[in-house]
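Hello,

Here is the structure we talked about. Please open it and follow along with the notes below.

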Amino acid sequence: MMNPRHPLLLALAALMAAWPVASLAQAPSDVPAEEQAPETPENPGQPDESGVEPEQRMAVGEVVRFGSDYTLAEGELASEVTVIGGDLVIEGAVNRDVAVIGGSARLAGTAEIGGDLAVIGGPLTVEDGAVIAGDFAVIGGRIEAPPDFAPGGDHVEINPFGVSRALEAILAWLRGGFLLGRPIVPTLLWTWGVVLVFALVYLAINLVCERPVRKCVETLSEKPLTTFLVGVLVLLLIGPVTGLLMVSIIGLPVVPLLWLTFLLLGLFGKAGVFRWLGAMILPEDADGGRLIAARSLGIGIAAVCLFYMVPVLGFSVWTAAGVFGLGAAVSTVHAGLRREHPALSVPASDRAPGPGPDDQPADVSAEPTAEPTGLTAHPRAGFGRRLGALLLDAMLLLVTAVLLDLDGAPFFLLVLAYSVVLWGWKTTTIGGIICHLRVVRVDGAPLTLSDSLVRGLSCIVSALPAGLGWFWILWDPGKQAWHDRIAGTCVVQVPPSLPLP
């Protein structure tokens, strides 16, 4: 038995383990023909060691299993057996080779293998009486065999630093969790340990930062759809932003900070999602304290864990909770920044007409309220007019792309730059000028370049689900598309005589 400890010896042992399996298709086994299990029943009057006469065995041919377990019963004869992502039990006979990848293998006392055996990423159990005529190799797993067991060929075992048990646990989760589409496997105790650790983290966040978590809950309660769309937008942008920062040498040190912020926002948002779900199941009191908040969080975690154990639905719920949480955290941070840095006052020339001489004077002691701009007083544009402006812009951009020979990423950047620059500069595009449309903020503040950039990137969210975000205008009360709701904008129809800003 070989148990390499030096990296060079480990590499040599891996080559030795891979060589017999790779050479099976090119070279015949060194085992004499009389010692191999026959392809067809011979010598019917001579029973084998299992007590089953060869002609009584049922041939099953070549066996290949992926993601499932397999048992070769006593009295069955297979030519070859390959199991990937499952456990194998052999009680009968195999003419040639056996390979198990990502699972365990057990050879009963009546098992006979005429060729080689390879077990990768799982344990091997050999009972007394089992026969392996060729070589066998176990990589990344442990072996349980009788002291006097010896194969007909070489024996290679690679289990560096005792990682087999951890590897077996991960492979068990991959088979019972990942491949089935669920993050929690009820039969694996270590997955419940991971759940407990994360539950304690969320509980600590909820207790220490109760107010930000409560703001996330309020955001989810008031604007669930907008929150989800913001989360989708952040997920879509995190990859391109990371790529742009890594390309520039100056931005490279910012990447770890960006992903740390991304992780923290996800944790805060998930705590808010669990508390929001728990509060829907058992409502919180108006003056509820931290204990009530912890109760809601615990109920939400317990409810979500039940869904996490259901195949397919588990990963769907896990993904949705992450998107909702990320959107709630980002929306809460954005709202806090806007409270600390309110928008500048609107110039008098852009404000709606004031009260006439017969109207009552305003109460100067009252708190000042935000007044809408003159553009927000105009009617919201409908789907047909906005579609016409979009088609005009699309024709212009397609002609430009053909002339400049642009496609793929360059064409996308052209569309984004065209929209963002014209929205931020003139509050409309060329198609909008022809159709008399303007993009304005719903709170009446002037449209900035950052608002235009957010709106332009949010158009990706509207376009992804077969353009559903654009068609949302048809039944939205404010005639807003998804990107309008994310950016806090709307599109209004103005008179033809209104000059551009």
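Which side chain meets Arg485 in a salt bridge? The partner is Asp476, at 2.7 Å, N to O. A salt bridge here is a side-chain nitrogen of Lys or Arg within 4 Å of a carboxyl oxygen of Asp or Glu. Asp476 is buried, at 7% relative accessible area. Arg485 is partly exposed, at 30%. Buried means under 20% relative accessible area, exposed means over 50%, and partly exposed lies in between (1.4 Å probe, protein chains only).

Other salt bridges share partners: they join Glu210, Arg214, Arg275 and Glu284 into one network.

A word on the source. This is a predicted model, in which local features need pLDDT of at least 70 and side-chain atom pairs count only at pLDDT 80 or more, while totals for chains, interfaces and linings use all residues. Residues are numbered from 1 along each chain as its sequence is written, and side-chain values use heavy atoms, with hydrogens and water left out.

Now look at Glu210 and Arg214. Their side chains form a salt bridge at 3.3 Å, N to O. Both sit in helix α4 (residues 210-222), four residues apart, so about one helical turn separates them. Helices are DSSP runs of H or I with at least four residues, numbered from the N terminus. Glu210 is buried, at 11% relative accessibility. Arg214 is partly exposed, at 31%.

Next, find Arg441 and Asp443. This salt bridge spans 2.6 Å, N to O. Arg441 is buried, at 11%, whereas Asp443 is partly exposed, at 32%.

In total, the structure holds eleven salt bridges.

Best wishes

Conventions: Helix = DSSP H or I, 4+ residues; strand = E, 2+ residues; numbered from the N terminus.
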